[in-house]
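Open your viewer and get ready to click along. We will go from one stop to the next, selecting a few things at a time.

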Amino acid sequence: MKHSLDILPLKSWIDTGDKPLIIAGPCSAETEEQLVSTAHLLANTGKVNVLRAGIWKPRTRPGEFEGIGSIGLEWLKRAKEETGLLTATEVATAKHVEEALAAGVDILWIGARSTANPFTVQEIADALQGVDVPVLIKNPVNPDLSLWVGALERVNRAGIRKIGAIHRGFSSYEKTAFRNEPMWDLAIQLKTIAPDLPIINDPSHICGNRELIPYITQKALDMDMQGLIIESHIDPSVAWTDAKQQVTPAALADLLDHVSVRRAESNNPAFEDKLAELRQQIDKLDDQIIKQIGDRMKIAEKIGEFKRDNNVTILQVNRWDEIVQKRVQLAKALSISEDFAVKYLELLHNESIRKQNEIMNTNSPAEA
Ligand code: PEP
Ligand code: MN
């Protein structure tokens, strides 16, 4: 997928040294006391760059706490004055943008529900025309990379070059350990098509509970994400929203003390040499694998011709079951997961069938 993003690197708009950007704060601003005292504790850890707080909350069901509204902007301002932390909040309408900017909020983010709606994103983008403020765009609730890229493009076209993405996971019908499935491959695809785009991970909304946060946080850093946005509340047990996933500022500091930030590049020549050698081995094996898949397809085509000329159906279920069973056994013996082996064989089989179908539907030279 191509994109037309014109991005300023994260380092040029916020200096975090060689550490990842850390955004932390409560899911929602609830009271002035809750927000300001949480902000002080976060600032005192010395590990937080930006204070987050939801002022307007997109809720799934009406009647839940829908955010404290504009008054909360005053509390954010006070928290910033007293702690020196930059501030960030979610905007979902043009009016939110205007109010947040008027109150001096430093960074705006677009929430997952808004990103899923191009009308909403466009309204926000129009309100941002001519403004110089960093904007972070959460992935849409559904796993659709184009929708995510489209939202980034809309905001970017309004002239916002200080732009970043937030990976907060995707809704899935199946219940899993996570509130929102991480589907890392989508974040990796985004990183691959837009290497300059900062991607910040949101372990809180991926996990939906405190216990899994360290695991996702470490994984995000290992994937070279450039920052984290983590919900932190002075007393999570009484939080008005997302109580199960918020952590105290002390727990946040402890979490950040225990994750390892590995560098994307090393400056040790011996390491680089060894890595280059191992990568060469991988390249060679990949070439061989592709070549062998090609050879396998050619044989499948021959079988297709043979079946056509003898009027036999393409799909022979018994044969396929036997292939899967035997190969999965081999895969397991080689410590390759069953899940991977089955998926791989399915892909291979679908492609063979597609090719055989093509052949079945062209005449044999004798009939032509
Ligand atoms: C939030 O950050 O509190 C929030 C509502 O997140 P999301 O848009 O990712 O659901
Ligand atoms: Mn939340």
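## A tour of two ligands

Start by selecting Ala112 and ligand 1: a backbone N or O atom of Ala112 lies 2.9 Å from an oxygen atom of ligand 1, a polar contact (a pair of N or O atoms within 3.5 Å). Before you go on, note that this is a predicted model, where local features need pLDDT of at least 70, side-chain atom pairs count only at pLDDT 80 or more, and totals for chains, interfaces and linings use all residues. Residues are numbered from 1 along each chain as its sequence is written, chains are lettered from A and ligands numbered from 1 in the order in which they are written, and side-chain values use heavy atoms, leaving out hydrogens and water.

Then pick Arg113: an N or O atom of its side chain is 2.9 Å from an oxygen atom of ligand 1. Of the 300 Å² of accessible area (Shrake-Rupley method, 1.4 Å probe) that ligand 1 has on its own, the protein covers 97%.

Now move to the manganese ion (ligand 2). Which residues are its protein donors? Select Cys27 (SG), His205 (NE2), Glu231 (OE) and Asp242 (OD), which lie 2.1 to 2.4 Å from the ion; donors are N, O and S atoms within 2.8 Å of the metal (3.2 Å for Na, K and Ca), and water is not among the atoms, so sites may look incomplete.

Last stop: click on His205, which is buried, with a relative accessible area of 8% (buried means under 20%, with a 1.4 Å probe and protein chains only).

Conventions:
Buried means under 20% relative accessible area, exposed over 50%, partly exposed in between (1.4 Å probe, protein chains only). A polar contact is a pair of N or O atoms within 3.5 Å; within protein, one must be able to donate a hydrogen and the other to accept it, and residues adjacent in sequence count only if both atoms are side-chain atoms.
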